Amino acid sequence: MDRHRKRAGIACVLLASTLLLGGCNKFVSEKCSGSDYESTCTASVGASDGQWSTDLEGGGGHTAIVISGTFTIESGSGTLTLYGADDQGMEYELRPGEPVVVEDLALPLLERQGNSNETYAVLQTTAEEPIEDFSAEYTFATS
């Protein structure tokens with residue numbers, strides 16, 4: 001009997017953790033296509049009251065990335081941050097009805113810990129007020 005209670009308790013803790021973590025970002029969708037050197041992506045988050053991020057994969061041996069795109073929200077407010085190595089990056093204010101347009105932002109790529117051949121940059125949103133319907137269409141090229 002105790003073993004079953006213990007299992008049930010563990011299951012409840014795992015379920016509660018999943019709901020708490022999943023409650024911050026709802027309806028996340030991300031799709032990319034392209035090659036090792038250039039990708040085109042769309043991303044959307046239905047609702048976010050915390051932080052959401054995705055890695056822009058640079059691949060093996062690449063040292064720099066150039067990012068262009070358009071980023072919008074329907075309601076709320078927050079910050080869009082694009083960053084790479086050495087704390088280099090840019091922050092943009094997200095407001096409804098005011099698309100953020102990024103053109104040819106060049107950043108040095110970060111190296112993955114434990115594997116120096118894999119590189120990446122980060123696209124991140126942080127909500128100041130709950131964000132509804134974040135949408136992004138962007139391209140990035142690595143060298």
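I count two rings of Phe, Tyr or Trp as a pair if their centres lie within 6.5 Å, and as stacked if their planes are under 30 degrees apart. The structure I am reading is a predicted model.

Entry 1, aromatic pairs. I looked up the ring pairs under this rule and got a count of three. I took Phe71 and Tyr138 to begin with: the ring centres are 6.0 Å apart and the planes are at 20°, so I noted the pair as stacked. I then checked where the two residues sit: Phe71 is in strand E4 (residues 64-72) and Tyr138 in strand E9, 67 residues apart, and the pair links distant parts of the chain. I went on to Tyr138 and Phe140, where the centres are 6.4 Å apart and the planes at 25°, so this pair is stacked too. I therefore wrote down Phe71, Tyr138 and Phe140 as one aromatic cluster.

I found Phe71 buried. Tyr138 is buried at a relative accessible area of 2%, and Phe140 is buried at 6%.

I located Thr119 in strand E9, which spans residues 115-142. Its relative accessibility is 4%, so I put Thr119 down as buried. Leaving out residues up to four places away in sequence, I listed the residues Thr119 touches, among them Leu56, Leu109 and Glu111.

I found the charged end of Arg112 over the ring of Tyr120, 4.2 Å from the ring centre.

Notes
Residues are numbered from 1 along each chain as its sequence is written. This is a predicted model: local features need pLDDT of at least 70, side-chain atom pairs count only at pLDDT 80 or more; totals for chains, interfaces and linings use all residues. Side-chain values use heavy atoms; hydrogens and water are left out. Helices (H or I, at least four residues) and strands (E, at least two) are DSSP runs, numbered from the N terminus. Buried means under 20% relative accessible area, exposed over 50%, partly exposed in between (1.4 Å probe, protein chains only). Contact means heavy atoms within 4.5 Å. Rings of Phe, Tyr and Trp (its six-membered ring) pair if their centres lie within 6.5 Å; planes under 30 degrees apart count as stacked, over 60 as edge-to-face and the rest as tilted. A charge sits over a ring if NZ of Lys or CZ of Arg is within 6 Å of the ring centre and within 35 degrees of the ring normal.
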